[in-house]
Amino acid sequence: MDTLTRMRAFLSVVDAEGFSAASRKTGRSKALLSKYVRELEDELGVLLINRTTRQVALTAAGEVYVSRASAILSDLEALNEEAREATGEAKGSLRVTAARTFGDAELGLSLVEFSAAYPAISLDLHLNDSFVNLVEEGFDVAIRMTRLTDSAMIARRLGSLEFAICATPDFLARHGTPAHPHDIAHMPAVIDSNAKALYNWTFQDPRTGSPIPINVSGRFSANSPYTVRAATLAGLGVALIPEFIVRDDIAQGRLVALLDDFVPKDAGIYAVFPHRRHLPARTRVFVDFLATWFRKYEAERLAAAA
């Protein structure tokens with residue numbers, strides 16, 4: 001157990017790139033961390049870290065040791081999780097990242113309800129519209145609304161994600177109602193600058209399935225779908241926007257859905273997590289809960305629409 005304590009101290013210093021930073025992060029004194037690392041070096045009979053007044057640098061032996069020590073502690077954590085899972089216990093801290101749009105919409109209720117259902121799991125939620133590297137930034141799970149292409153991660157589809165091309169009735173009275181995606185190219189557009197599509201919207205031929213790329217332009221862009229919705233309701237242009245954001249506007253006639261047959265249906269909402277040999281119980285419980293929540297959510301939505 002002393003060796004594991006020393007290993008954790010060593011890794012905390014390496015991760016924080018210094019004893020002072022590791023002390024602030026772990027809550028242990030700088031002197032205690034230095035003592036543990038020195039004892040680990042004495043136990044091994046090798047120098048792991050070259051110390052200077054401002055920073056630390058790994059020796060050749062330290063480079064070898066850090067990767068193996070990380071793997072050992074990761075396996076130990078996984079073993080502990082499996083033991084807890086065997087007793088039906090899922091606990092600990094779960095770091096989750098999701099788009100701000102997800103958290104601000106009613107879909108974000110899934111995270112609130114999970115936290116209420118599992119009080120032994122601390123949910124550390126980060127809403128961020130930029131792409132997050134799960135491994136480098138230490139996240140357990142990402143909720144992504146996208147056409148998934150990252151094969152380096154494990155992904156579980158939670159639900160469908162539909163997009164809508166829409167505009168106000170007044171806008172269409174002034175500019176005409178498009179019958180084909182090519183007509184969109186001649187209309188002012190409202191741009192979601194967070195979306196991958198930006199100024200190149202891709203439609204799909206309903207007969208052949210072939211992509212139909214369309215370049216759009218407009219004088220209003222925003223990095224929030226909710227602001228894009230507001231601008232579209234103000235008649236500033238036609239928008240490509242997640243359907244759940246404008247569902248009520250379309251139902252109430254404030255916006256008109258356009259070119260439904262040409263809008264691709266291959267996007268989804270996914271729980272994405274790094275490749276791990278042993279998935280922690282808290283992560284598995286979280287993903288299972290969301291999958292069940294979205295099945296119920298979509299069933300209720302379909303029933304309401306019937």
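1. The lining of the largest cavity is made up of 13 residues, and those lying nearest its centre are S160, F244, R247, Y297 and R301. A cavity here is a set of points, on a 1 Å grid over the protein atoms alone, where a 1.4 Å probe fits but cannot get out, and lining residues are those with an atom within 4 Å of a point. The elements giving two or more residues to this lining are β6 (153–160), α11 (243–251) and α12 (281–305), and α12 gives the most, with four residues. Helices (H or I, at least four residues) and strands (E, at least two) are DSSP runs, numbered from the N terminus.

2. This is a predicted model, in which local features need pLDDT of at least 70 and side-chain atom pairs count only at pLDDT 80 or more, whereas totals for chains, interfaces and linings use all residues. Residues are numbered from 1 along each chain as its sequence is written, and side-chain values use heavy atoms, with hydrogens and water left out.

3. The volume of the largest cavity is about 110 Å³, and the count comes to one cavity of 30 Å³ or more. A volume is the space filled by probe spheres set on the grid points, which are joined across faces, edges and corners. By class, six nonpolar, two polar and five charged residues form the lining of the largest cavity; Ala, Val, Leu, Ile, Met, Phe, Trp, Tyr, Cys and Pro count as nonpolar, Asp, Glu, Lys and Arg as charged, and the others, Gly among them, as polar.

4. The second largest pocket holds about 1,200 Å³ of space, and 44 residues line it, of which M145, T146, N194, A195 and K196 are the closest to its centre. A pocket, in contrast to a cavity, is an open set of points with protein on both sides within 12 Å along at least five of seven lines. At least two lining residues of the second largest pocket come from each of β3 (92–98), β5 (141–146), β7 (163–167), β8 (188–192), β9 (200–204) and β12 (238–242). By class, this pocket lining has 25 nonpolar, twelve polar and seven charged residues.

5. Two packed helices are described by the angle between their axes and the distance between the axes. For helix α1 (residues 2–16) and helix α3 (residues 30–44), the axes come within 8 Å and cross at roughly 115°, the axes being lines fitted to C-alpha atoms over the stretch in contact, with angles running from 0 to 180 degrees between N-to-C directions. On the α1 side, T3, T5, R6, M7, A9, F10, S12 and V13 meet L33, Y36, V37, E39, L40 and E43 in α3, and by class this contact has eight nonpolar, three polar and three charged residues.

6. E43, which is found in helix α3, is in contact (heavy atoms within 4.5 Å) with T3 and R6, once its neighbours within four places in sequence are left aside. E43 counts as partly exposed because its relative accessibility is 43%, where buried means under 20% relative accessible area, exposed over 50% and partly exposed in between (1.4 Å probe, protein chains only).

7. E17 is in the loop between α1 and α2 (19–26) and counts as exposed at 62% relative accessibility. L259, in the loop between β13 (256–258) and β14 (268–274), is buried, with a relative accessible area of 10%.
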